[in-house]
Amino acid sequence: MEYRRLGSSGVKVSELCLGAMTFGEPDEKSFMHGVGASEETSFAIMDAALDAGVNFIDTADVYGQDGLSERIVGRWTKERGTRDRIVLATKFRFRMGEGPNGTGASRLRIVRTVEDSLRRLQTDRIDLYQIHMQDVEVPEEETLRALDDLVRAGKVLYLGCSNYAAYRLVESLWTSDVRRLERFVSLQAQYSLLVRDLEREHVPLCEKFGLGILPWSPLAGGFLSGKYERGRGAGEGSRFASSRWTSSFARFDDERGWRTVDAVKQIARELGTTPTAVSLAWLLAKPTVTSVIFGARTIGQLKGNLAATGLRLPADAMKKLDDASAFELGYPYDFMQRIQGRW
C-alpha cells in the first residue's frame with residue numbers, strides 16, 4: 001500500500017480510502033435501504049482493509065440512518081483498539097434534526113454536529129472534518145471560524161470540503177488566508193472515468209492551492225466494474241436495479257459510457273487484472289488525487305478494490321482511457337483548448 005500526503009498537510013493516508021456509506025442496514029426511509037452491509041460484515045471489511053494497509057476511513061453523519069455508519073465505525077475502533085491506527089474522516093451539513101437549524105453549516109449547528117459525531121464515533125477527535133456541501137445561505141467566514149475554533153480546541157485536526165463549486169472553494173481559501181483561519185486541505189468530490197467535470201476547474205484549482213482530491217464513486221456506481229454489458233440493462237440484484245438508482249444507470253448508458261467500459265475491459269485483459277483495478281488506477285495517476293474512496297458491501301468487493309494497490313498503468317493505457325472517456329469541455333474551455341492547447 002502506498003501512502004500519500006493529504007494535500008499540503010503533513011498527515012499521510014493510504015492511496016485507497018475505505019468509504020463507510022454502506023455500513024449498517026437502515027430501514028426503507030434511508031436512501032441506503034437494501035444496499036447496506038450488516039454490522040458483522042462491516043467489522044470484517046474494516047478488519048481486512050486494515051490488514052491490507054488501508055489506514056483511512058471516511059464516513060458521514062447522514063450515512064445509514066440516525067448516524068448508523070458512524071456508530072458502527074465507532075464501535076469497531078473501540079472493540080478492536082484501532083483508533084490510533086487510522087485516519088478517521090467524517091462529514092456534516094445535511095439534515096440530521098428537525099426545524100430550520102436541523103441542517104446547514106451555521107456556527108450554531110456545527111458546534112452541535114461535531115459533538116454528536118464525536119459521541120457516535122466514540123473518540124476525542126476527528127482527524128478530517130469535512131463540510132458535505134457548501135451552504136449558500138451561510139457566509140463562508142462563519143463556517144470557517146466555527147471550524148477553526150474546533151481545530152484550536154483539539155476536537156478536529158484537519159478540515160476538508162466536499163461538493164463545492166470552484167468559485168466558493170476559492171473564496172473559502174482566500175478567506176482563510178486573509179482572516180488567518182484554518183484552511184481546507186482536501187476536496188472530496190465525484191470523479192471517475194465517466195464523471196470528469198472536475199478537470200475543468202477543480203483539478204487546476206487544487207493543484208495550484210495544494211488541496212488533495214478524494215474521489216467518491218470512482219466506479220460510477222459500479223458501472224465501471226465490468227459486470228454490466230451493453231444492451232442488457234442493470235440486471236436484477238444490482239444497486240442500479242433499485243428504483244432509487246435507475247436514473248444513475250441511465251446517466252451512463254450511452255455510447256461514451258460503453259466505449260469507456262470496453263476500453264477498461266481491454267486494458268484489464270492486457271494487464272491481467274480487473275476492470276475495477278484499472279478504473280481506480282486511472283484515478284490514482286491523476287494530478288492532486290491523494291486517496292480514492294471505495295465502498296464495499298462484501299469481502300469479495302473489498303478484495304476487488306484492493307487489487308488496484310500498486311497497479312500503475314502504462315502511458316499508452318492512460319491515453320486510451322483518456323481518449324475513450326473524453327467529454328465535452330464546453331465554453332470557454334474548448335475555446336482555450338483550441339487556441340492554446342490547454343486552459
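**Figure 1. Burial and overall dimensions of the protein.** Of the 343 residues in the protein, 54% are buried. The model shown here and in the following views is predicted. The protein contains 12 helices and 10 strands. Its radius of gyration is 20 Å, close to the 20 Å given by the globule rule for 343 residues, so the protein is as compact as a globular protein of that length. The C-alpha trace spans about 50 × 50 × 35 Å along the principal axes. Among contacts with a separation of 6 or more, 77% come from residues 24 or more positions apart.

**Figure 2. The packing of helix H5 with helix H6.** Helix H5 covers residues 166–179, and helix H6 covers residues 202–209. From H5, the residues in the contact are Ala166, Leu169, Val170 and Leu173. From H6, they are His202, Leu205 and Phe209. Sorted by class, the contact of H5 with H6 has six nonpolar residues, one polar residue and no charged residues.

**Figure 3. Ser176 in helix H5.** Ser176 is found in helix H5. Its relative accessibility is 1%; buried means under 20%, so Ser176 counts as buried. Leaving out residues up to four places away in sequence, Ser176 touches Leu144, Leu181, Glu182 and Arg183.

**Figure 4. Leu16 and its contacts.** Leu16 is found in strand E3, which covers residues 16–19. With a relative accessible area of 0%, Leu16 is buried. Neighbours within four places in sequence are left aside in the contacts named here. Leu16 is in contact with Met1, and also with Val54 and Phe56. Further contacts of Leu16 are Leu280, Leu284, Ser291, Val292 and Phe294. Asn305, Leu306 and Thr309 are in contact with Leu16 as well. A separate pair for reference is Leu16 and Val73, which are 57 residues apart in sequence. Their C-alpha atoms are 17 Å apart in space.

**Figure 5. Arg93, a residue with a positive phi.** Arg93 has a phi of about 150°, a positive value, although Arg93 is not a glycine. Arg93 lies in the loop between strand E5 (87–92) and helix H3 (107–121). The relative accessible area of Arg93 is 11%, and this residue is buried.

Figure 6. Arg180 is placed in the loop between H5 and strand E8 (184–190). Arg180 is not a glycine, yet its phi is positive, at about 60°. Is this residue buried or exposed? Arg180 has a relative accessible area of 72% and is exposed. By contrast, Arg93 in the previous view is buried.

Figure 7. The peptide bond that runs from Tyr331 to Pro332 is cis. Its omega is near 5°. Pro332 has its place in the loop between helix H11 and helix H12. Helix H11 covers residues 315–324, and helix H12 covers residues 333–340.

How values were computed: Residues are numbered from 1 along each chain as its sequence is written. This is a predicted model: local features need pLDDT of at least 70, side-chain atom pairs count only at pLDDT 80 or more; totals for chains, interfaces and linings use all residues. Side-chain values use heavy atoms; hydrogens and water are left out. Axes are lines fitted to C-alpha atoms, for helices over the stretch in contact, and angles run from 0 to 180 degrees between N-to-C directions. Helices (H or I, at least four residues) and strands (E, at least two) are DSSP runs, numbered from the N terminus. Contact means heavy atoms within 4.5 Å. Ala, Val, Leu, Ile, Met, Phe, Trp, Tyr, Cys and Pro count as nonpolar, Asp, Glu, Lys and Arg as charged, and the others, Gly among them, as polar. Buried means under 20% relative accessible area, exposed over 50%, partly exposed in between (1.4 Å probe, protein chains only). The radius of gyration is taken over C-alpha atoms; the globule rule is 2.2 Å times the number of residues to the power 0.38.
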